[in-house]
Amino acid sequence: MYNTTPPAIDWTALWPMIIVAGTGIVTLIIEMLLPRRTNGLIIATSLIGLLVAGYMLSGQLGMTSSETFAGMIFHDRVGIVLQMLLIVVAFLTILFSEGYLREKRIPFGEFYHLALWATAGGMIMVSTKNLLMLFLGLEVLSIAFYVMAGMSRQEAKSEESALKYFLLGAFATGFLLYGIAMTYGATGGLHLDLIPRAWSETIVSQRNLLIFGVGLILMGLCFKVAFVPFHQWTPDVYQGAPSNVTAFMAAGVKIAAIGALYRVLEATLPLKAMWFPAMFWIAILTMTVANLVACLQRDVKRALAYSSIAHAGYLLVGILAHAQDPQKIGLGTIVFYLLSYSLMTIGAFAVVSLTAKDGKEGTKFADLAGLWQRSPGAAAAFVIFVVSLIGVPPTAGFFGKLLIFQDALRANLTPLAIVLAINSAISAYYYIGMILAAFVATPDGQTQKTRSDIGLASACIICATGTVAMVFFISPLMSWLGFN
């Protein structure tokens, strides 16, 4: 007889994801029922839903690792913390979006539903060891971003960015699916924990199939993280998409993809001799190519796009250091860096969004001219964000890079540590160019104030305060998160 007893489900692990996705449905219903005069109720509902989900996650930090939902959801500290980071990113992005969207004349309530669903997709990605669930989370995340990237329908570059992201994303998804299929053929299942057992068997054909499968999966994830040479889509999409979408993409997608990449690399440690040399050189190329090309940019969003690529390279150094010696080098550095990077990147894009006015947005370096006159507070916050991106003390960016540098040395990855240090110095060139542009007076001498936006001001204050305060609370923060 067949066993018809349903599997036991730990709803504690699922509720945060359900709440975030459900909040997106509720905001969709609100938009359908209420007139489109304002999105205030939608925003409030979105923020409350994220806060409730974040509160539930914070109460789960002390729980032991477990699997639920027939092994499709893996509930551990890493997944919980990365889900919390995704919620922080979504909260801050939604907080500053309304004023910007209205200035761009695209105040569509759809953005908030899609942002919540993208967050839910990312939460699935970082909380599973099942390749089918990983693909499901990735597609929920990606489809939402394909739509959000093209929200500014009156601009050709926005539609172009959405189309490029969709086509290249679908192409990368093909690699991922082929990889999943090959891995399934080699292991007989979709769970990542089956990979070490399959590798230990001596069947040559099975090992070769597994090597190709894991390689294709890594290629698909490298596209999402934007490692070189899978980064070509990033500058065009970041430049063409609305600035709030770009901010969400730069931080949220990176957290989700890095979390998924960590799961795959952790499960394939027996194959480390195969993928480690490739990832080693990808890290070097990602840091170097991104920073060198960024020095040639004169568009702030394109420069920040290459900056995002470079920071992905720094994160990869931390992941490789952990993979080299998992017992001695923990994941605290990666978590700290992801949080600090998210705060300074969202803050920087929030300030850049101030250039939007009357349906248009100027993102050239020259468009930042006079920012210190128009909005001194925003200019001061921008300096904090950019200085932290460079890695100047006493900011979170400095300590994040320092921790990765130390981890690389402890893992005997000295070449990666040296390349990281050199590239941090190179990046100062274009970052300082952004700061100088904001403090250059306008040619006509006008000092017209920028728009008053409580949400944007709140987001900038939170990001700037967090970027500086994290330095003084590293130990308590890491202890609370469980990464001592």
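R298 has a relative accessibility of 47% and so counts as partly exposed (between buried, under 20% relative accessible area, and exposed, over 50%, with a 1.4 Å probe and protein chains only). The model is predicted, with local features needing pLDDT of at least 70 and side-chain atom pairs pLDDT 80 or more, while totals for chains, interfaces and linings use all residues. Residues are numbered from 1 along each chain as its sequence is written, and side-chain values use heavy atoms, without hydrogens and water.

R298 lies in the loop between α11 (272-294) and α12 (300-324); helices are DSSP runs of H or I with at least four residues, numbered from the N terminus. Apart from neighbours within four places in sequence, R298 is in contact (heavy atoms within 4.5 Å) with K364, F365 and Y429. I203 is 95 residues from R298 along the chain, and their C-alpha atoms are 54 Å apart.

Two helix pairs follow. Helix α2 (residues 40-58) packs against helix α3 (residues 77-103) at about 160°, with the axes 10 Å apart; axes are lines fitted to C-alpha atoms over the stretch in contact, and angles run from 0 to 180 degrees between N-to-C directions. The pair is therefore roughly antiparallel (over 145 degrees). Among the residues in this contact are L47 and L50 of α2 and I87 and F91 of α3. By class, the contact has 13 nonpolar, 4 polar and 1 charged.

Helices α15 (residues 376-390) and α18 (residues 454-472) pack at about 40°, with axes 10 Å apart. Their contact is made by A381, I384, F385 and S388 of α15 with C460, C463, A464, T467 and V468 of α18.

Conventions: Angles under 35 degrees count as roughly parallel, over 145 as roughly antiparallel, 65 to 115 as roughly perpendicular and the rest as oblique. Ala, Val, Leu, Ile, Met, Phe, Trp, Tyr, Cys and Pro count as nonpolar, Asp, Glu, Lys and Arg as charged, and the others, Gly among them, as polar.
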